[in-house]
Every structure is written in C-alpha cells, then in structure tokens.
Amino acid sequence: MRTCMTLALAQSGQLLPLAALNQPSPAPRRHSRSFPTAWSLATAAGILLSAGQAPAAGVDGTWRIDLQRAGGVTVPTYFILKQSSNALDGTVVINDSVDLPLRHAHMDGSNAVFGVDWNTDYILRPDGDVLRVTLTYGGQSHEETTAHRVPEAEARPPRALPLPAPHSVPANGLAPTPPMGWNSWNHFGGNVDDKIVRETAEAMVNSGMARAGYTYVVIDDTWEGGRDAAGNLVPNGKFPDMKALADYVHSKGLKLGIYSSPGSRTCGGYEGSYGHEEQDARTFAAWGIDYLKYDWCSAARVYKDSDLQAAYQKMGDALARCGRPIVYSLCEYGMGEVWTWGPQVGANLWRTTGDIQDNWRSMSDNGFSQERLTPYAGPGHWNDPDMLEVGNGGMTGIEYRTHFSLWCLLAAPLMAGNDLRTISAETLDILTNRDAIAINQDPLGKQTERLVQRGDLELWVKPLSHGARAFGVFNRGSEAREVRFAWAELGLASKPLSLRNVWEHRDAPPAPEGWQGRIPAHGVALLIAR
Ligand code: GLA
C-alpha cells in the first residue's frame, strides 16, 4: 500500500521534489535591495500605459521578488495573484522554476496571506506601488523583501522548443555496477563550493572511502552562474575554474560530476540547459566532467508530462556526441514510469522517488517502496531511490545501517550525502563495510525482492554471482524482535554451506533448521549465504 501510494504520487507529478519547495540554501539569506531593474519597471509602466489603465488596486496582478542566493546569484520568484475584494487566489512561480498554487490564501485587511507548501508562508503588505513581503520558512526563519509589479508575460515560461522523435540512444557502457560516490546536496545544499569539493575529494581518498569503491564527486545544484555572450554556461563565484577543479579531482584518481536541468531553471532557480543541450554537453566534456545529474524542475513549465522521454533523450543524444564518457543520471522523481524507458534515452540511473530526507520515515518510504521496480535494474542502468543520508545526524546508527543495507540490496547507487571531511568512525564503518558494498557491487546486478512480510518484519533477498544470496531481515517496527526463518522460507533447499553476518563481521555456522536472531527496532540483519 505504502509502495503504491509513493509511486502513484510520483507518477502523477504530485510528489514535488522537496528542494523545489524549500529554499535551496541552508545559509542565512539576505534579500536583494537592487530590484527593481530599470528595465522591468519601464516595461511594466509601458504595458500599463499602453493599455490605458491605471495600476490595479490591492494585490491583484503579477509581482516579482528577487532573492540573493549563494554564489552571488539573484533568483526571482513571481506571485500571480487574483484578488476580488476579500477573496484571494493565484500561483507562485517559486525560484522561477516551479508553479505552486496558493494554500490557505486570504486577505487580512489589505494584506495578502498564504502559503505555497508545507514550508513557506508569505505575508504581502501593500505600501504605495510595492508590496512589503515577509517569507517564513518552516514556521522559523524569516526573510523580508519587496515585491514589484511586473507584466504578467514576464512570469510566463519560455516557449516549448521542438523535441526529437523517439529513438534509442546507444548505451554508453558506463556504470556496469551501481555508481558509487558523493553528492553535495543532502549535507551542503546551496553552500557547496570549490573548496568543499576539493576537500571532499581529499577526504574521500584519505578516509579509505575511495579504496572502498567511492569514485564520483558530484556537485549538485547552485554552481551555475548564467551564460556568457556566446551562450556558454558559466559557473558562479563559488566555482572560479571548473576545469581546474576537474583536473584536481582527477589527480586524486576520482571523477567529477555536475548537475543541470532540461528546463531553463534548476529547482534552486539557477541556470538550466533548456535550448542549450548540445552546447552544455560540450562544455561539460571540455571541463572534464564524468557524471551529469539532470533534474526536471522547471522543465515542467515548458514540456508536457508526455514529453519526459524526449526531453531526456535530447540530453542523452548530446552526451553521446560530446566526445567524453559521462554517466547520465536522470532526476524526475519517478514520473512517467522512467524505469521503462530510461535505458532508451541513454540513462545509467534514474530517480524513482521524491527527495529523501534525513529521517526514518522518509528513508524507509523511499527504500521499501522499490519492490515492483526490481526487473528494471541491471548492469548499466539502475533504479535510484535517492542519495544516502548516512552520517547526517537525523537517524540512529541502527537506522543508518538499515538504510545502507537496504540501498546495497536494492543495487541502488551509493552516493554518500554527508560531510566526508568530518566523518565519524561509526559513519565510516557503515559506508565502507566491504561485505555490504560487495552485495551492492555484485556483477550480476540484480535488485533485491521481498520474500516475506510478517507485519513489521520483512525478509528481502538479492541473488549474487556464483549462486550466493544476500538476505536482509528488517524490523521496521519500534520494538526489538526475536526472528526465526526456516531455510525454505529463505528459498534455500537446505542449510547453506556458510553464512556471513555482515554487520557482525563474522561467519556463523548455519544451524540445521534455519536462521534465528534478534533484530532491534528499525534494525536489520544483513546476511550472505553461500
Ligand atoms: C531536486 C532534486 C534534489 C536536488 C535539488 C537541487 O529537489 O530532487 O536531489 O538536486 O533539486 O535543487
């Protein structure tokens, strides 16, 4: 039930990526006082005058705020408001990227009050020609800024460009086993910069993570600066020289990944690849990029859901022609049953869920909902239930071992999402467990399936090469449980020759009748039977 709901939501596009709803940078935010630009006010005035109208009273109309974001980038958000006396309705184009309907919208005297999701609430107070705006994030931090009236056309998305007819992009031969690496988003959000990436690469090598198999260092959203006069994508002030950074990461024996969107804006409101796909793929290749995460975000404003495959194919084609092997990671939260067409667009992995958060509920919803996707994973193309949260502090050690065990059994990409520079011994122990990683990286490339579900107890199996099998005995409940499974329930004709307990780091002689053990609340026993 849980499975169906999560996936159904994702497919209908209702399950929005969390970061599209949140503001992207956990850093303290400043508001821009540089707005309005002369251009936008002149345009607004021109349009109003040419229509021979006086400015509408109250908050009715289209308004823009500009928020200053990491890297010195300014990101607009638009309010398209319909006010009729006390009634208020409309849309917010958050980060110029995602259209969200107003929730709980009402007028409080002359002030407009609404939220756009669970996380951001707005109060707009008319003050002469402008609106004084208070944004409240998660009921906690505040930001004050000013909204200026703009022509409605300014808030509209760019026109949809033609998309290629469906064809098969040749497989790039990369990711024969699930990609392993690190991604900046879960821990650093908008704070990632050149220094953090370099230090992460160093830490990946020095901590032993690289030796354990972690290779890709991926810069997520908020690195983009815009385009130069020739239309080339350029980094913002946080990344002074992307080619030099790639050279540095390569000098450590690692690979560098980057992030973009098929839309004109990323979820964070930064520059996307829309209309520049070939050019951006060539730029990435010239910098020495080895991995691209390509996030739908504002593409939803220009394309229809039925365009998903063609839009992803467009970049798949561009990567195939860019002259450099680049792992292609789709991020569209599982919409349009991406697992059924991902390989055709040249993808090596595709997100199957909304954004993970660093808590038990989110992690287990994402991880345990993957069962019906088992047939779609295999060498070169993997289901991705989102990046790891291990070590970020929101779960217990037991829960992080469950998280990692589940991702290993799922043959999911293992993209660490914590701060590797300050990694604790316990987190390192989890992320570098050799037996768990061997399960994930097994060359057979099979994703786990659920064998038994008994209330909160679940038994999952992953076939491994040479006839071995990995088992995860999960206790999703909040009480420790004594568990017994007969070998037949594990799908074994008789007791295996050997049984390795992955987290206990030991082989235990298998008992004749079956396996038994105690699993703590939210815990797992991860076993390899040979
Ligand atoms: C979306 C993705 C996240 C992250 C953010 C960045 O929410 O799902 O993984 O890339 O965008 O803005």
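Residues are numbered from 1 along each chain as its sequence is written. In this predicted model, local features need pLDDT of at least 70 and side-chain atom pairs count only at pLDDT 80 or more, while totals for chains, interfaces and linings use all residues; side-chain values use heavy atoms, without hydrogens and water.

**View 1. Surroundings of the ligand.** The ligand is surrounded by 15 residues, each with a heavy atom within 4 Å of it. Asp-220, Asp-221, Lys-293, Asp-295 and Asp-355 are the closest. Oxygen atoms of the ligand lie 2.8 Å from a polar side-chain atom of Asp-221, 2.8 Å from one of Lys-293 and 2.5 Å from a side-chain N or O atom of Asp-355. The protein covers 99% of the 300 Å² of accessible area (Shrake-Rupley method, 1.4 Å probe) that the ligand has on its own.

**View 2. Helix 12, residues 360-368.** Because 8 of its 9 residues are buried, helix 12 is largely enclosed by the rest of the structure. Buried means under 20% relative accessible area (1.4 Å probe, protein chains only), and helices are DSSP runs of H or I with at least four residues. The buried residues include Trp-360, Met-363 and Phe-368. At the N-terminal end, Asn-359 caps the helix, with a side-chain oxygen 3.3 Å from the backbone nitrogen of Arg-361.

**View 3. Helix 8, residues 277-287.** Helix 8 is mostly covered, with 8 of its 11 residues buried. Among them are Glu-277, Phe-284 and Trp-287. The buried residues pack against several elements, including helix 7 (242-251) and helix 10 (308-321). Just after helix 8, Gly-288 has a positive phi of about 100°.

Technical notes
Buried < 20%, exposed > 50% of the residue type's maximum accessible area, 1.4 Å probe, protein only. Helix = DSSP H or I, 4+ residues; strand = E, 2+ residues; numbered from the N terminus. Polar contact = N/O pair within 3.5 Å; in protein donor to acceptor, adjacent residues only side chain to side chain. Contact = heavy atoms within 4.5 Å.
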